[in-house]
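This report covers the salt bridges, the open sheet and a surface patch of one protein model. The sequence and structure come first.

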Amino acid sequence: MNKVAVLGATGSIGASTLDVIARHPDRFRANILSAHRNVAALAALCATHRPELAVIADPALEGELARRLAADGVRCEVASGQAALAAAAAGTQCDTVVAAIVGAAGLDSTLAAARAGKRLLLANKESIVLAGPLLLEALRTGGGELIPVDSEHNAIFQCLPGGRPNLRASGVRKLVLTASGGPFRGRSRAELAAVTPDQACKHPKWSMGRKISVDSATLMNKGLEVIEAHHLFGAPAAAIEVAVHPQSLVHSLVEYVDGSVLAQLGNPDMRTAIAHALAWPDRVESGVTPLNLATCGALEFGAPDLDTFRCLALAFQALRAGGDAPAILNAANEVAVEAFLAGALPFLAIAEVVEGVLAELPPQAVVDVESLVARDGEARAAARRLLLRSCS
Ligand code: NAD
Ligand code: MG
């Protein structure tokens, strides 16, 4: 029995993961569940999945979680706080960790799982964007393995020989990440000036949490994924391309030097990537409707509009700049997206804030987690200053 920790169990990836696990009670058990502040949802998940341990990130809510579980007759250990999350990810109550917390808040538990040699199913792309070299080092020393859950990276993983080899020796010329283009594909800058958070979160193909939905609308999500692909597969920026593919049926492609292009296709439902990553190298059913080529229609591909969706260009810029520039980009983006979702920042100003913070903080070499976290804090402070300026 594979004991799985679902960190971020109350989120969109958390729900899809628990759905797949529940289909295979003979193979997987959701043994640790965590949430940020939604005690009611976490308690309900515990009643259904009966984990050994439930962790609520906000320590003020631990008592309430314990009370609810007791009232429902659910016997399960309770813990709280970021340190408890990291301890749970590294502890003996799980073999596999699904890192499905959103944002840099997922970094500690992701690193802890890697250091402890777990099978790490990475959805939390912000942690690898923020601390790529440190996460890879933790995986090496911990002796565990990382299977990407982000659909594009999972697709590339499936199209590479043996998962994650040396690209040049394997004859790989290019990684092509597909992007749906988000809800605002084809719009001009003028048309984007007044878009609302609800419009930005209405993704045409994927149902996701609000932060990643906004990132998809700005194309920052694709930018973060370019940086994620660089770290996961050891590809330089010049060997990573983005193709807009509105149907979201081709999840990404790998081009080889002989002209072969391998792609992974499927209906847009994260349960495919999650089931693949949970069972790899086996295959298990995911509950996803099979792709019907006779009815799916035409597949279109095109180049991204980098002038309108500047966040993608900024991410390439940060990757080329190197050092901790991707961490700065990520932190500034998290602050800007939060402000946009709160109605305090116009959509187009998200890119302006990120660009301003990148200009203000020239990249430094990545040394250790402590200095990275400090730089993340500096970038957030710089972003807040720019926000104040743009709102006054
Ligand atoms: P979501 O907002 O639906 O869920 C986020 C989860 O993280 C929740 O369980 C929440 O309780 C928890 N969380 C939030 N802040 C926290 C904190 N400070 N401390 C501890 N826990 C916290 O988000 P999601 O859409 O499920 O995305 C999760 C991650 O997966 C993100 O990094 C996202 O980029 C990535 N991802 C998501 C999808 C998708 O289809 N939803 C696809 C690819 C990658
Ligand atoms: Mg993705």
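How many salt bridges does the rule give? The count comes to 24 salt bridges, a salt bridge being a side-chain nitrogen of Lys or Arg within 4 Å of a carboxyl oxygen of Asp or Glu.

This is a predicted model, in which local features need pLDDT of at least 70, side-chain atom pairs count only at pLDDT 80 or more, and totals for chains, interfaces and linings use all residues. Residues are numbered from 1 along each chain as its sequence is written, chains are lettered from A and ligands numbered from 1 in the order in which they are written, and side-chain values use heavy atoms, with hydrogens and water left out.

**Salt bridges**

| Pair | N to O distance |
|---|---|
| Arg68 and Glu64 | 3.2 Å |
| Glu255 and Arg173 | 2.9 Å |
| Asp324 and Arg375 | 2.7 Å |

Helices (H or I, at least four residues) and strands (E, at least two) are DSSP runs, numbered from the N terminus. Arg68 and Glu64 are 4 residues apart in helix H3, which means a separation of about one helical turn.

Glu255 and Arg173 meet in a salt bridge. Because Glu255 lies in strand S10 (residues 250-256) and Arg173 in strand S8 (residues 172-179), the pair ties together parts that are 82 residues apart in sequence. Glu255 is buried at 16% relative accessible area, where buried means under 20%, exposed over 50% and partly exposed in between (1.4 Å probe, protein chains only). Arg173 is partly exposed at 43%.

The salt bridge of Asp324 with Arg375 joins the loop between helix H13 (310-321) and helix H14 (325-341) to helix H16 (residues 369-391), so parts 51 residues apart in sequence are tied together. Both Asp324 and Arg375 are buried. A network of salt bridges links Lys125, Asp150, Glu152, Lys222 and Glu225.

**Sheet and patch**

An open sheet is formed by 7 strands with parallel pairing, in the order S4-S3-S2-S1-S5-S6-S7; two strands pair if DSSP finds at least two bridges between them. Strand S4 (77-80) and strand S7 (145-148) stand at the edges with a single partner strand each, so one side of each has no neighbour in the sheet. Strand S6 (residues 119-122) is joined to S7 by 4 bridges, and Leu122 stands opposite Pro148 in S7.

Leu265, in strand S11 (residues 261-265), is partly exposed at 38% relative accessibility.
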